[in-house]
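Subject: Structure handover

Hello,

Here is the structure we talked about. Please open it next to this message.

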Amino acid sequence: MKFIDFRSDTITHPTQEMRDAMYRAEVGDDVFGEDPTVNRLEAIAAEITGKEAAVFTPSGTMSNLIAVLSHTRHGDEIILGDRAHIFLNEAGGAAAIGGVSLRTVPNNTDGTIDIDRIDSSVRGTGNLHWPTSRLLCLENTHNYCGGAVLDVEYTAEASEAAHRRGLTVHLDGARLFNAAVALGVAPVELCEPVDSVNFCLSKGLSAPIGSVLCGNTEFIARARKFRKMVGGGMRQAGVIAAAGIVCLEHCVDRLADDHKNARTLADGLRQIPGLVVENPQTNIVMIDLPDNLLAADFVKRAAEAGIKFISVGSRRVRAVTHRMVSAADIAEAITRLKKAMGQLK
């Protein structure tokens, strides 16, 4: 039985074109700035996001961490949503390594944070009892809000509110290209208002590894030092950067297929009584279960039918569509799941 894996778009394998590019990649020592393939990837990333410079990192978690380190000083405070990936799923690195306080404010279901909450959460420097608010972190698409998209207007409004109070803004754009494709805008439009942005190559874009952090020249110089500090300095990294170049040049437009498959999956899951399924904007489908069914039990039952999900709460399950799951796989998954849930005789 073929397993149909909806756990994450991180399970995507590189395309043959990526493998060929990795094999042929021209390399050098990236810590010395001498890897031509890494340098090209960074230049492409900076141009796509409209920033002055970029630095290649092994992961989105590292990109976010060194962004926080580069924007703040020990003892500062960052403001972010209570469902932010930086807060929930990055092992507390911003606090443990960066020495910053994380002040969470509620995320709305669409991934936004109310502008007045951003403004009222900023603490000034006049009270010696307070840490200094230094950075606002946004997320696009928003993982725990079901792949919700922050549009250009909201990003600009939130950034303006932060800048008005003296904060810089970092955008965790792990799935930035999903947002751009869903909105039908260029990525640069989503990045223009923010001071720094990272995006992952290893999710829906299908590269085997890597993330790129972008910002102005001074910021990226600091980020390079922090990358080295936390062990992210790579040597002949052109071998993996080559795959990143291919995915940026050839794999962005096909994300629309993942979004279409997510809508098909959501429609099929709604046919199973008891499941409440959100309308996906991109490639993430959130499933709420009835009171008599725990997420762990649902995931186990689905796995027995050859379908892999992950739980994101006691009665909440996430499914992610990606290049390794076809439209035919979606139909097959629905059929199997209906049987597993006792909906087909």
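Predicted model: local features only at pLDDT ≥ 70, side-chain atom pairs only at ≥ 80, totals over all residues.

On the domain 1 side, 17 residues take part in the contact. Domain 2 brings 13 residues to it.

How much area do domain 1 and domain 2 bury between them? The figure is about 1300 Å². Carbon and sulfur atoms account for 53% of that area. Three residues stand out on the domain 1 side: Tyr144, Gly146 and Asn178. Together they supply 31% of the area that domain 1 buries against domain 2, more than any other three residues there.

Polar contacts do occur, with five residue pairs counted between the two domains. The side of domain 1 that touches domain 2 consists of eight nonpolar, eight polar and one charged residues.

**Salt bridges**

Side chains of opposite charge can pair when their charged atoms come close. The count here comes to 18 salt bridges.

Start with Arg227 and Asp30. Their closest N and O atoms are 3.1 Å apart. Arg227 sits in helix 10 (residues 217-229). Asp30 sits in the loop between helix 1 (16-24) and helix 2 (36-49). The two residues are 197 residues apart, so this pair links distant parts of the chain. Are Arg227 and Asp30 buried or exposed? Both Arg227 and Asp30 are buried.

Next, Glu249 and Arg40. This salt bridge has an N to O distance of 2.9 Å. Glu249 belongs to helix 11 (residues 238-250) and Arg40 to helix 2, so the pair ties together parts 209 residues apart in sequence. Glu249 is partly exposed, at 42% relative accessibility. Arg40 is partly exposed as well, at 46%.

Then Asp288 and Arg316. Their side chains meet at 2.8 Å, N to O. Asp288 is in strand 10 (residues 284-288) and Arg316 in strand 13 (residues 316-320), so parts 28 residues apart in sequence are tied together. Asp288 counts as partly exposed because its relative accessibility is 23%. Arg316 counts as buried because its relative accessible area is 16%, under the 20% cut-off.

**Backbone**

Most residues other than glycine have a negative phi, and most peptide bonds are trans.

- The peptide bond from Asn140 to Thr141 is cis, with omega near -5°. Thr141 lies in the loop between strand 5 (133-139) and helix 7 (152-164).
- Ala91 has a positive phi, near 60°. Ala91 is in the loop between helix 4 (85-88) and helix 5 (93-96). Ala91 is exposed, with a relative accessible area of 79%.
- Ser206 also has a positive phi, about 80°, and is not a glycine. Ser206 is in the loop between strand 7 (196-200) and strand 8 (211-215). Ser206 is buried, with a relative accessible area of 0%.

**Asp29**

One more residue to look at. Asp29 lies in the loop between helix 1 and helix 2, where Asp30 is also found. Is Asp29 buried or exposed? Asp29 counts as buried because its relative accessibility is 15%. The Asp29 side chain reaches the backbone nitrogen of Val31 at 3.0 Å.

Which residues does Asp29 contact, leaving aside its neighbours within four places in sequence? They are Glu34, Asp35, Met234, Arg235 and Gln236.

Best wishes

Notes: Residues numbered from 1 in each chain as written. Heavy atoms only, no water. Contact = heavy atoms within 4.5 Å. Buried area = accessible area lost by both parts, 1.4 Å probe. Polar contact = N/O pair within 3.5 Å; in protein donor to acceptor, adjacent residues only side chain to side chain. Nonpolar A, V, L, I, M, F, W, Y, C, P; charged D, E, K, R; others polar. Salt bridge = Lys/Arg side-chain N within 4 Å of Asp/Glu carboxyl O. Helix = DSSP H or I, 4+ residues; strand = E, 2+ residues; numbered from the N terminus. Buried < 20%, exposed > 50% of the residue type's maximum accessible area, 1.4 Å probe, protein only.
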